[in-house]
Amino acid sequence: MDTTRFENIFVAENQIPEEFQLPEIHQNEYLLNGEMVQWNGPVNEVWSPVCIPGAEGLQRKLVGTYPDTSPKEAMEALDAALAAYNNGMGEWPAMSVEKRIGCMQNFVYLMIKQRSLVIKLLMWEIGKSLADSTKEFDRTVDYINATIDALKELDRESSRFQEAEGTIAQTRRLPLGVVLSMGPFNYPLNEIFTTLIPALIMGNTILFKLPKHGILAHYPLLEAFKEAFPKGAVNTLYGKGSEIIPPLMESGKINVLAFIGSSKVANGLKKQHPKVNRLRAILSLDAKNAAIVTNNADLDVAVSECIAGSLSFNGQRCTALKLIFVQEGVADEFVKKLSDAVSALKPGLPWDKDVKITPLPEADKPAYLKECIDDAVAKGAKVMNEGGGYMNASFVFPAVVYPVDDSMKLYHEEQFGPVVPVVRFKSIEEPIDYQINASHGMQVSIFSNDPAEVASLIDPFVNLVSRVNINCQAQRGPDVFPFTGRKDSAEGTLSVFDALRSFSIRSLVAAKVTDANKELLNRIVRDHESGFLSTDYIF
Ligand SMILES: O=C[C@H](O)COP(=O)(O)O
């Protein structure tokens, strides 16, 4: 294997381009109850996937440190969130929708001031390219602004008067209580905010567990949270999840668990809650999304979409295409085109121009991917592309592995990394059976230019997964679209619109229809701080 083009995927200290240099960041404070609390205790180190040459070969570069807080600080955060919520009567949950929107707009204003530093931290902490890190930040800002617009709409819709059978009711959309929000490393900013922001703007108070990778990228935003929201509305949790989360869950005082990660962890967390039936869970979990390329596909479209779907951010996306089924009539041609295109992808560092494949933040990922590739090869598959599977301390060049079958790990496990397993199939029943038997059901991509064939595949798949993509890769966005999954892939629905509903409940104020009661309700609407944005619906 010619490895020369991979050999520069590390950086010497004096070769870091000036605009991407980053002094070590030692975070010695965290946000609790509206204060930045000083921390003098133990710390955890943050290591970049970008490697530097060291005494014993390539080694990850130190980015900084963050507080290794204990269950004691986590319980203080819970107390602060409970006090701020105060059974819905605290300053934040009782604030008018209009004023909550004002706070959120101020947050966005303050957040944007930190744009370049947050983007740089994403690049260093998770190895995301400049283009993708920038996209993650800007998408998050767009998401917050869209959420604000959606809330205006929802508030008008939810706050209508309803009259039926001699009863009149004013409905109100209200928060649920304390929300524990946790997310993964692949979108440390964007994914956490797809739960935290809607939960917060609906008036809930938040315990925000920072992601292990991408943790320092949030540091510049803590002041913005502190300034924009009343005390206790947002409280941060550092330290080891396995130590600090169980006491929080076991307290039974978490009302909503908003978690993005694996179903195994999610199930464990739910079991810790003493009254799990009272816990609302909004979860986005496992996915091994299949692509199905039939004999009738446009192979060039299928190849370029499968590459984007499998290898954007090195395949580290829940929505990534993680298993490609190709029908035998076009299988060899498809695999050749796919392998050639993958071989041509540009490897490099996050700031390199047009880079497509970058180092991986999880220290154990290269060894795990090697295990998967070796297992497939031992059972008869081959690595089809030039450089496929090349690895060093934190970098893996993508491997197209073919033909994969159900005896191999790559058929079943969510590799969450740059390996593209391809399965050759004869009858269309085979990928349908795969999806029927799978424990997950997030998305599928079907590649075919035969309208009758596509139509016949949509119905079985749309009943097995939550999104069927036709001649395009799988993805979460546009963010106004519902984002969920079947089986072990999700619980509840996210999206700009759905998340607002997920983190709230509709309650009623109802009365018999009389002139006096109508006048009374009119009055309540006019005077009530947390009522309408406008008086359009006063009858
Ligand atoms: O990791 C799961 C993400 O929600 C995927 O989002 P994306 O499809 O926009 O990359």
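# Chatting through a predicted model

Me: Which residue does D340 form a salt bridge with, and how far apart are the closest N and O atoms?
Reply: D340 pairs with K336, and their closest N and O atoms are 2.7 Å apart. A salt bridge here is a side-chain nitrogen of Lys or Arg within 4 Å of a carboxyl oxygen of Asp or Glu.

Me: Before we go on, what sort of model is this?
Reply: This is a predicted model, where local features need pLDDT of at least 70 and side-chain atom pairs count only at pLDDT 80 or more, while totals for chains, interfaces and linings use all residues. Residues are numbered from 1 along each chain as its sequence is written, and side-chain values use heavy atoms, with hydrogens and water left out.

Me: Thanks! Where do D340 and K336 lie?
Reply: Both are in helix α11, four residues apart, which is about one turn of the helix. Helices (H or I, at least four residues) and strands (E, at least two) are DSSP runs, numbered from the N terminus.

Me: How many salt bridges does the structure hold?
Reply: It holds 19. One of them joins E223 to K226, with the closest N and O atoms 4.0 Å apart. E223 and K226 both sit in helix α7 (residues 219-228), three residues apart.

Me: And which residue does E371 form a salt bridge with?
Reply: E371 bridges to K409, the closest N and O atoms being 3.2 Å apart. That pair links distant parts of the chain, with E371 in helix α12 (residues 365-378) and K409 in helix α13 (residues 409-412), 38 residues apart. E371 is partly exposed at 41% relative accessibility, and K409 is partly exposed at 24%.

Me: Which residues are linked in a network of salt bridges?
Reply: K72, E73 and E76 are.

Me: New topic: what is the order of the strands in the open sheet of seven?
Reply: The order is β15-β16-β17-β14-β13-β19-β20, with mixed pairing. Two strands pair if DSSP finds at least two bridges between them.

Me: Why is one side of β15 and of β20 left without a neighbour in the sheet?
Reply: β15 (382-383) and β20 (467-470) are at the edges and have a single partner strand each, so one side of each has no neighbour in the sheet.

Me: How many bridges join β13 to β19?
Reply: Four, between residues 289-293 of β13 and residues 443-447 of β19, and the two strands run parallel. As an example, A291 has S445 in β19 as its bridge partner.

Me: What does helix α11 touch when it packs on the sheet?
Reply: Helix α11 (residues 331-343) touches β13, β14 (321-327), β16 (399-402) and β17 (419-425). Contact means heavy atoms within 4.5 Å. The direction of α11 makes about 165° with that of β16; axes are lines fitted to C-alpha atoms, for helices over the stretch in contact, and angles run from 0 to 180 degrees between N-to-C directions.

Me: Last one: is A77 buried or exposed?
Reply: A77 is buried, with a relative accessible area of 0%. A77 lies in helix α1 (residues 71-85). Leaving aside neighbours within four places in sequence, A77 is in contact with L32, L207, N235, T236 and L237.

Methods. Buried means under 20% relative accessible area, exposed over 50%, partly exposed in between (1.4 Å probe, protein chains only).
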